[in-house]
Amino acid sequence: MFEYANITWEFVWMIALVFNIISYLEKNDKMMFIMLAICSFFYWIHFLWLWLLTASVINFFDVFKNLAVIKHKKNIKLFSIFAIVYVIIWFETGNWEILSYLLTLGSILSLFAAFYFRWISLRIVYLIVTFIYFFYSFAWNSISWTLTSLVFIITLSSSIYILYKRRWFWWKVRYCKYLLHRKWIRLFASRHRRLKFLRY
């Protein structure tokens, strides 16, 4: 029975992990938050199973946070409510150690990024938060979560690089269109002046 329970929570953790990786590879912010909401739901079940209250309650509220930011970007009231909730969770379930502060800081940072940042800047803040979780896991001697955080760091770094290259490519396309448009305007203007001269 105990072995079956272990297999179950590991399977739930694997599902959450897959959705987490997919979300960080998403180019569209809306789809990323939908994937993150699903992944937070599975993390909530996983941590609840392990009776890790701080992590489980934070992930429970992360489900609602990730869905809320899709429609309510830059909503100061919702941001404040979620920030207060995270502080209360830490106050009630934290152990008043510096590692507990790190976990809460990561939650507040990711919350702020979700409500106020987008695209590359959003993922850069998420990368910083992932580094915080990496140090948190390393300090707790959790090999599995340290390696998981490392995977997320690599995933987010590659995602930021891909988005940056994509933005640079479209900027170059727009700039070429602008130069072409400018060239045609100059050409048309010079012909118009010639025709005007011939009329008189």
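**Figure 1. Serine 40 is buried, at 5% relative accessibility.** Buried means under 20% relative accessible area, exposed over 50%, and partly exposed in between (1.4 Å probe, protein chains only). The view is taken from a predicted model, in which local features need pLDDT of at least 70, side-chain atom pairs count only at pLDDT 80 or more, and totals for chains, interfaces and linings use all residues. Residues are numbered from 1 along each chain as its sequence is written, and side-chain values use heavy atoms, with hydrogens and water left out. Serine 40 sits in helix α2. Helices (H or I, at least four residues) and strands (E, at least two) are DSSP runs, numbered from the N terminus. Which residues does serine 40 contact, leaving aside its neighbours within four places in sequence? They are Asn59, Asp62, Val63 and Asn66. Contact means heavy atoms within 4.5 Å.

**Figure 2. The whole protein is built from helices, with seven of them and zero strands.** From the N terminus, the order of elements reads α-α-α-α-α-α-α. The protein has 200 residues, and 37% of them count as buried.

**Figure 3. Confidence is highest in helix α2 and lowest in helix α7.** The score is pLDDT, the predictor's confidence in each residue, from 0 to 100. Its mean over the protein is 78, and 74% of residues reach 70 or more. Helix α2 has a mean of 89, whereas helix α7 (residues 143-199) has a mean of 67. Residues 1-5 fall below 50, and this stretch has one contact beyond near neighbours in sequence. Where pLDDT is low, the predicted coordinates should not be read in detail.

**Figure 4. Helix α2 packs with helix α6.** Helix α2 covers residues 29-49, and helix α6 covers residues 119-139. Their axes lie 11 Å apart, at an angle of about 30 degrees. Axes are lines fitted to C-alpha atoms, for helices over the stretch in contact, and angles run from 0 to 180 degrees between N-to-C directions. How are α2 and α6 oriented to each other, roughly parallel or roughly antiparallel? They are roughly parallel, because angles under 35 degrees count as such, while over 145 is roughly antiparallel, 65 to 115 roughly perpendicular and the rest oblique. On the α2 side, the contact involves Asp29, Met32, Phe33 and Leu36. On the α6 side, it involves Trp119, Leu122, Arg123 and Tyr126. By class, the residues of this contact are six nonpolar, no polar and two charged. Ala, Val, Leu, Ile, Met, Phe, Trp, Tyr, Cys and Pro count as nonpolar, Asp, Glu, Lys and Arg as charged, and the others, Gly among them, as polar.

**Figure 5. Lysine 27 lies in the loop between α1 (2-25) and α2.** Lysine 27 is partly exposed, with a relative accessible area of 41%. Leaving aside neighbours within four places in sequence, lysine 27 contacts Trp119, Arg123, Ile162, Leu163 and Arg166. Serine 159 is 132 residues from lysine 27 in sequence, yet the C-alpha atoms of the two are 7.8 Å apart.

**Figure 6. Tryptophan 119 and lysine 74 both have a positive phi.** Most residues other than glycine have a negative phi. For tryptophan 119, phi is near 50 degrees. Tryptophan 119 belongs to helix α6 and is buried, at 18% relative accessibility. For lysine 74, phi is near 60 degrees. Lysine 74 occupies the loop between α3 (53-71) and α4 (76-93). At 58% relative accessibility, lysine 74 is exposed.

**Figure 7. Serine 110 is part of helix α5 (residues 98-116).** Serine 110 is buried, with 10% relative accessibility. Not counting residues up to four places away in sequence, serine 110 touches Lys65, Tyr126 and Val129. Leucine 127 is 17 residues from serine 110 in sequence, and 9.5 Å separates their C-alpha atoms.

**Figure 8. Valine 57 is part of helix α3.** Valine 57 is partly exposed, at 26% relative accessibility. Valine 85 is 28 residues from valine 57 along the chain, with 9.8 Å between the C-alpha atoms.
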